[in-house]
Amino acid sequence: MKIRYCWRCKMDVPMLDSEEGKIASKLLAEGFQEIKKQAKTPLSENFRKLLDYYKEITGYEETNHNAIMHHFIDMYGPDCENCGKPYRTETATFCPKCGNKRKI
């Protein structure tokens, strides 16, 4: 787990490393299986295991299971050399925050 800037949330959030992300993905799949079994259960309860896992790892109480799924370190590029925010992708050459042009 590492705190990094999220472009969707527009703030620094705890992001999961690849091993933590694998576990989170498995818990997300289990949540979808719960939906099939219990259609009338509130969504937050179907994904309770995922939400609890994220809180246990990060200390941050997320309420939206979809938000967790874009808080993976591997989804973003390295930090910008100028402002420190991560590039949106591994191959991005432009930082939308400060306008820095990355040389690859």
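Hi everyone, let me start with a word we will need: a residue counts as buried when its relative accessible area is under 20%, as exposed when that area is over 50%, and as partly exposed in between, using a 1.4 Å probe and protein chains only. Take Gly21, for example: its relative accessibility is 5%, so Gly21 counts as buried.

Now, a bit of housekeeping. This is a predicted model, where local features need pLDDT of at least 70, side-chain atom pairs count only at pLDDT 80 or more, and totals for chains, interfaces and linings use all residues. Residues are numbered from 1 along each chain as its sequence is written, and side-chain values use heavy atoms, with hydrogens and water left out.

Let's go to the helix. Helices (H or I, at least four residues) and strands (E, at least two) are DSSP runs, numbered from the N terminus. Gly21 lies in helix α1, which covers residues 18–37 and has 20 residues. From first C-alpha to last, α1 reaches 29 Å, close to the 28 Å expected at 1.5 Å a residue; the expected span is 1.5 Å times one less than the number of residues. Which residues of α1 are buried? They are Glu20, Gly21, Ala24, Leu27, Leu28 and Gly31. Looking down the axis of α1, these buried residues fall within an arc of 120 degrees, so they line one face of the helix. That arc is taken from the directions from the helix axis to the C-beta atoms. Here is the background: an α-helix has 3.6 residues a turn, so residues three or four places apart point the same way. On the face turned away from the buried side, you will find the exposed residues Lys22, Lys26, Lys36 and Lys37.

Next, the hairpin. Strands β1 (residues 2–6) and β2 (residues 11–15) run antiparallel and are joined by 5 bridges; two strands pair if DSSP finds at least two bridges between them. Tyr5 has Asp12 as its bridge partner in β2, and Cys6 has Met11. Between the strands there are 4 residues. Please find Lys10 in that loop. Lys10 is not a glycine, yet it has a positive phi of about 60 degrees. Most residues other than glycine have a negative phi. Lys10 is also exposed, with a relative accessible area of 61%.

Finally, the rings. How many aromatic pairs does a search of the whole structure find? It finds 3. Rings of Phe, Tyr and Trp (its six-membered ring) pair if their centres lie within 6.5 Å; planes under 30 degrees apart are stacked, over 60 edge-to-face, and the rest tilted. One of the pairs is Tyr5 with Trp7, edge-to-face, at 4.9 Å centre to centre and 80 degrees between the planes. Both Tyr5 and Trp7 are buried. Another edge-to-face pair is Tyr54 with Tyr60, at 6.4 Å and 85 degrees. Tyr54 counts as buried at 0% relative accessibility, while Tyr60 is partly exposed at 32%.

Trp7 has a charged neighbour too: the charged end of Arg88 sits over its ring, 4.8 Å from the centre. A charge sits over a ring if NZ of Lys or CZ of Arg is within 6 Å of the ring centre and within 35 degrees of the ring normal. Likewise, Arg102 lies over the face of Tyr87, at 5.0 Å from the ring centre.
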